[in-house]
Amino acid sequence: MIIRGPAVCLGADIDTDLIVAGRYLRTKDRSSWAKHVFEDLNPELANRLSGTVIIAGKNFGCGSSREQAAVALRDAGVRAVVAPTVARIFFRNAINLGLPVIECGLPCSPRSEVVIDMVQGVVTLDGNPYPFHPLSGKMQEILAAGGMVSYMKERR
Amino acid sequence: MGTLAERVLGGDAGSYVDCRVDHAYAHDGTGVLAHHSWKEMGSFLADPATISIIFDHIVPANNSTTAELHADLRRFAGDHGIRFSDCGGGICHQFMAEGLVVPGEVVVGADSHTCTLGALGAFATGVGATDLAAVWSSGETWLRVPETIKVRIDGRLSNASEAKDIALTYVSRLGMDGGSYMALEFVGEAMPDLSMDERLTLCNLAVETGSKAGLCYADRTTCEYLRGYGVHSEEQHPEPADYASETTIDLADVVPVVAIPPRVDTVRPVGECEGIALDQVFVGTCTNGRASDIARFARAVKGRKVAVRTVVVPASRRVYLEALAAGHITDIIAAGCMVAPPGCGPCLGVHSGVLGEGEVCLSTANRNFKNRMGIGGEIYLASVGTAAASAIRGEITSPEGA
Ligand code: SF4
């Protein structure tokens with residue numbers, strides 16, 4: 001699987017509250033989280049995420065274990081998240097919800113062209129390659145299926 | 001080559017592996033959610049023999065809603081030939097430690113203290129209910145192989161100190177996120193001296209540092225312990241490996257301690273907290289409810305009277321029977337304590353000793369978060385010996401010289 005898109009640069013320790021604020025969690029409208037994504041960080045960002053790859057600093061997705069954070073990013077059209085380290089629960093939630101997340105440190109400049117080769121484990125940023133541990137075969141299949149629930153259904 | 005976590009999972013730290021899972025268990029709380037997700041995924045079971053459902057959190061049921069949820073899950077287990085332990089069998093982690101989990105296995109449980117089972121040389125970690133349902137469906141899961149912090153345990157423990165004091169000492173040293181994403185590996189010259197009960201206590205608190213797992217190498221003690229359950233196992237030996245960091249605890253420096261609410265890593269010598277008045281003492285849980293804990297408590301209160309309401313909960317039916325046979329339960333009740341049926345007891349604040357506003361409890365459990373055992377209640381965490389000395393005085397008391 002190859003993922004491409006322009007980079008959106010974010011800082012370190014972006015917690016799940018910054019991804020989707022607590023005030024938006026309790027709703028039956030699951031599509032609403034994407035509209036409020038990163039609202040407390042930069043209210044303009046939500047509209048510019050579609051088709052992009054987020055390149056963040058360390059410890060992305062730390063804090064509350066809310067699954068809505070990964071749903072919001074996925075539904076806002078984010079193609080993948082790249083960060084040198086990703087908080088454990090966010091990482092599991094993201095993969096199981098079908099949002100590709102890889103651990104890799106990159107020097108980010110906005111709108112750089114990012115190309116991720118998920119199978120080989122290489123991110124190319126403005127032509128420069130950066131290797132990372134590729135996800136396992138099963139993780140890639142889960143992503144390809146769009147998440148754990150559909151992956152399980154397809155296998156039946 | 002490699003850390004114990006790397007060897008059991010079959011990959012280098014930082015890599016991702018697809019693992020066959022040997023045990024995937026849930027309790028009556030998370031089991032309900034996992035069952036729901038499992039139905040959403042198409043109701044397929046890869047291998048019922050790897051699944052266990054253990055009722056421990058709210059046992060016996062405290063109201064009709066719980067009773068109905070229990071009934072549903074009980075039926076699910078029965079219909080599919082899933083290993084099932086009903087109310088009174090014991091805490092899930094203890095149940096799994098009694099001859100089910102063996103060294104080298106991969107174990108996932110829908111409960112954060114699944115890390116307890118690393119004491120047996122297995123890689124055991126807590127997962128979410130939906131994650132667990134996927135394992136029930138497929139028989140496997142994906143894991144990131146964690147980096148490992150080597151925790152060396154050297155020297156000898158003084159009489160008044162216990163494995164719980166070692167555990168609180170490492171939690172205070174690493175802090176509540178000092179082990180995030182990592183595994184803790186317990187090695188050192190003191191390890192052969194530690195009993196299985198003590199190792200289970202040590203690994204139980206790994207998650208309080210944010211760690212994914214805590215592990216001990218299986219040695220003679222492990223194999224003998226499992227032989228007691230009629231299970232054959234093999235020893236494991238350390239090999240050269242890369243560790244993220246290393247810390248050493250000299251047991252000569254470990255004194256009886258308490259963790260002050262509301263953080264597990266705010267740890268002080270018991271001496272500094274002496275005299276704090278208590279409303280309740282609680283002895284039990286997956287941290288300190290095992291046979292040696294109940295025996296220690298019984299010996300300390302035998303022939304005396306507790307000065308505060310005291311709830312004792314054996315971690316399993318087996319533990320309960322052993323304590324009964326040894327006469328410990330008689331001594332505990334004669335001292336004025338209550339004994340509740342095996343399970344989590346008041347640990348999660350739903351029944352069997354919930355705290356009221358402003359009440360203070362000294363507990364042998366692993367979490368002292370705000371409101372955990374009841375709204376407005378405060379929890380000090382300590383060892384069994386400290387709990388016994390404190391129960392007798394009705395205030396926090398060091399077991400030294402007691
Ligand atoms: S005894 Fe307490 S910590 Fe252990 S499994 Fe039960 S509720 Fe959780």
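This is a predicted model: local features need pLDDT of at least 70, side-chain atom pairs count only at pLDDT 80 or more; totals for chains, interfaces and linings use all residues.
**Entry 1: B:His113**

I started with B:His113 and looked up its place in chain B. B:His113 sits in the loop that runs between strand S5 (106–109) and strand S6 (123–126). Is B:His113 buried or exposed? Its relative accessible area is 4%, so I logged B:His113 as buried, the cut-off being under 20%.

Next I checked its side chain for polar partners. I found a polar contact from the side chain of B:His113 to the side chain of B:Asn366, at 3.2 Å. Then I listed contacts, leaving aside neighbours within four places in sequence. B:His113 touches B:His93, B:Asn204, B:Val207, B:Glu208, B:Cys286, B:Asn366 and B:Arg367.

**Entry 2: the ligand shell**

I turned to the ligand. Which residues surround it? I noted B:His57, B:Ile91, B:His93, B:Asp111, B:His113, B:Thr285, B:Cys286, B:Cys344, B:Cys347, B:Leu348, B:Asn366 and B:Arg372.

I sorted the shell by residue class. Five residues are nonpolar, five are polar and two are charged.

**Entry 3: aromatic pairs**

I searched the whole structure for aromatic pairs. Over all chains, I get eight.

I looked at A:Phe60 and A:Phe90. Their ring centres are 5.3 Å apart and their planes stand at 75°, so I recorded the pair as edge-to-face. I checked burial for both. A:Phe60 has 0% relative accessibility and counts as buried. A:Phe90, at 3%, counts as buried as well.

I then took B:Trp38 and B:Phe76. This aromatic pair is tilted, with 4.9 Å centre to centre and 55° between the planes. It also links distant parts of the chain, 38 residues apart. B:Trp38 lies in helix H2 (residues 28–40) of chain B, and B:Phe76 lies in helix H3 (residues 64–80). Both B:Trp38 and B:Phe76 are buried.

**Entry 4: a cluster**

Last, I looked for a cluster. I found A:Phe91, B:Tyr16 and B:Trp142 together in one aromatic cluster. The members come from chain A and chain B.

Definitions and conventions: Residues are numbered from 1 along each chain as its sequence is written. Chains are lettered from A and ligands numbered from 1 in the order in which they are written. Side-chain values use heavy atoms; hydrogens and water are left out. Helices (H or I, at least four residues) and strands (E, at least two) are DSSP runs, numbered from the N terminus. Buried means under 20% relative accessible area, exposed over 50%, partly exposed in between (1.4 Å probe, protein chains only). A polar contact is a pair of N or O atoms within 3.5 Å; within protein, one must be able to donate a hydrogen and the other to accept it, and residues adjacent in sequence count only if both atoms are side-chain atoms. Contact means heavy atoms within 4.5 Å. A residue is near a molecule or strand if one of its heavy atoms lies within 4 Å of it. Ala, Val, Leu, Ile, Met, Phe, Trp, Tyr, Cys and Pro count as nonpolar, Asp, Glu, Lys and Arg as charged, and the others, Gly among them, as polar. Rings of Phe, Tyr and Trp (its six-membered ring) pair if their centres lie within 6.5 Å; planes under 30 degrees apart count as stacked, over 60 as edge-to-face and the rest as tilted.
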